[in-house]
Amino acid sequence: MSDTQFAPLSRKDMARRVAQDIPEGWYVNLGIGIPTMVADYVPSSREVVFHSENGVLGMGPAPAPEDADPYLINAGKQQVTLLRGGAYVHHADSFAMIRGGHLDLCVLGAFEVAENGDIANWATSANDTAPAVGGAMDLAAGAKRLWVVMEHTTKEGAPRLVKKCGYPLTAMRAVRRIYTNLAVLDVTAQGFAVVEMAPGLSFENLQARTDAPLQMAKPGETA
């Protein structure tokens with residue numbers, strides 16, 4: 001791991017990179033953590049309808065402090081805005097949208113993702129930041145696509161992209177694409193395929209920070 005000039009993406013840059021790939025007209029759920037920032041970076045000219053499982057459809061970006069409505073929050077209890085045409089719905093109706101397959105995409109954070117697409121984004125320890133699974137199991141099973149955005153390694157440097165998850169699973173073989181501070185990767189039948197890397201980072205350095213084997217994605221492949 002001798003590269004010294006590569007520039008890892010910030011959390012905001014990671015959210016911006018995810019937003020770049022969301023097409024016009026998709027219905028999208030954003031999980032807690034970095035995913036909630038994605039709505040801030042979708043171009044205003046592109047119509048993307050954001051959903052929050054607590055009962056918001058048509059969620060907009062974070063409000064200016066003077067415009068914040070304490071009663072309008074997302075599932076992570078963060079204050080949000082409601083776009084023109086947006087709606088509040090009953091919690092049960094919100095989950096009917098999820099379980100009925102009406103969401104084009106869900107973006108979640110994770111502790112680990114395995115090379116076969118297994119995702120672990122909750123834990124049983126009270127010391128972890130996500131001690132309960134919430135709606136993630138429903139979202140992973142019900143959304144048409146699942147993307148993950150997370151740091152490539154733990155604070156201690158341990159890989160989060162692994163051969164097999166060590167945390168309790170949220171869903172099996174569900175993840176299609178992963179965005180980290182070091183790379184964008186697709187989950188394929190052959191394992192992790194690298195779509196792009198942080199500027200200045202070598203493939204060898206990325207592999208050294210990843211538990212599972214990597215390969216370069218083939219041109220034209222997409223999640």
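Colleague: Let's start with H1. Which residues of helix H1 are buried?

Modeller: In this predicted model, helix H1 covers residues 11–20, and its buried residues are Met-14, Ala-15, Arg-17, Val-18 and Ala-19.

Colleague: And what do the buried residues of H1 pack against?

Modeller: They pack against strands S5, S8 and S10, along with strand S11 (183–188) and strand S12 (191–197).

Colleague: Let's zoom in on S1. How do S1 and S2 run, parallel or antiparallel?

Modeller: Parallel: strand S1 (residues 27–30) is joined to S2 by three bridges. Tyr-27 sits opposite Val-49 of S2, and Val-28 has Phe-50 as its bridge partner there.

Colleague: How many bridges join S1 to S5?

Modeller: Three, and S1 and S5 also run parallel. Across from Leu-30 you'll find Val-107 in S5.

Colleague: Okay, over to H2. Which residues are buried in helix H2?

Modeller: Ser-94, Phe-95, Met-97 and Ile-98 are buried in H2, which spans residues 91–99. Looking down the axis of H2, those buried residues fall within an arc of 150°, so they line one face of the helix.

Colleague: Nice. What covers the buried residues of H2?

Modeller: The cover includes strand S2 (49–52), strand S3 (56–60) and helix H3 (136–142). If you follow the chain on from H2, you come to Gly-101, which has a positive phi near 75°.

Colleague: Which residue has a positive phi although it is not a glycine?

Modeller: Arg-173, at about 50°. As background, most residues other than glycine have a negative phi.

Colleague: Where does Arg-173 lie?

Modeller: Arg-173 is in the loop between S9 and S10. With a relative accessibility of 62%, Arg-173 counts as exposed.

Colleague: Switching to aromatics: what does the count of aromatic pairs come to?

Modeller: Three aromatic pairs. In one of them, Phe-111 and Tyr-167, the ring centres are 4.6 Å apart and the planes meet at 20°, so that pair is stacked.

Colleague: Where are Phe-111 and Tyr-167 in the chain?

Modeller: They link distant parts of it, being 56 residues apart. Phe-111 is in the loop between strand S5 (105–108) and strand S6 (112–114), and Tyr-167 is in the loop between strand S9 (161–162) and strand S10 (177–179). Phe-111 is buried, at 13% relative accessible area, whereas Tyr-167 counts as partly exposed at 31%.

Colleague: What about Trp-147 and Tyr-179, how is that aromatic pair arranged?

Modeller: That one is tilted, with 5.6 Å centre to centre and 50° between the planes. Trp-147 belongs to strand S8 (residues 146–149) and Tyr-179 to S10, 32 residues apart.

Colleague: Trp-147 and Tyr-179: buried or exposed?

Modeller: Both are buried. Ring pairs also link them with Trp-26 into a cluster.

Colleague: Now the nonpolar cores. Which residues touch the most other members in the largest one?

Modeller: Ile-178 and Phe-192, in a core of 32 residues. The elements giving two or more residues to this core are H2, S5, H3, S8, S11 and S12.

Colleague: And what is the other core like, how many residues?

Modeller: That core lies apart and has 25 residues, among them Leu-30, Val-42, Phe-50 and Trp-147. Generally speaking, nonpolar side chains tend to be buried together in soluble globular proteins.

Colleague: One last thing: what order does the sheet of three strands have?

Modeller: S7-S6-S9, again an open sheet with mixed pairing. Strand S7 (119–120) and S9 are at its edges with a single partner strand each, so one side of each is left without a neighbour in the sheet.

Colleague: In what sense do S6 and S9 pair?

Modeller: In the parallel sense, over two bridges. Ala-114 is opposite Val-162 in S9.

Key: Residues are numbered from 1 along each chain as its sequence is written. This is a predicted model: local features need pLDDT of at least 70, side-chain atom pairs count only at pLDDT 80 or more; totals for chains, interfaces and linings use all residues. Side-chain values use heavy atoms; hydrogens and water are left out. Buried means under 20% relative accessible area, exposed over 50%, partly exposed in between (1.4 Å probe, protein chains only). Helices (H or I, at least four residues) and strands (E, at least two) are DSSP runs, numbered from the N terminus. The arc is that of the directions from the helix axis to the C-beta atoms. Contact means heavy atoms within 4.5 Å. Rings of Phe, Tyr and Trp (its six-membered ring) pair if their centres lie within 6.5 Å; planes under 30 degrees apart count as stacked, over 60 as edge-to-face and the rest as tilted. Two strands pair if DSSP finds at least two bridges between them. A nonpolar core is a set of buried Ala, Val, Leu, Ile, Met, Phe, Trp, Tyr and Cys residues joined through side-chain atoms within 4.5 Å.
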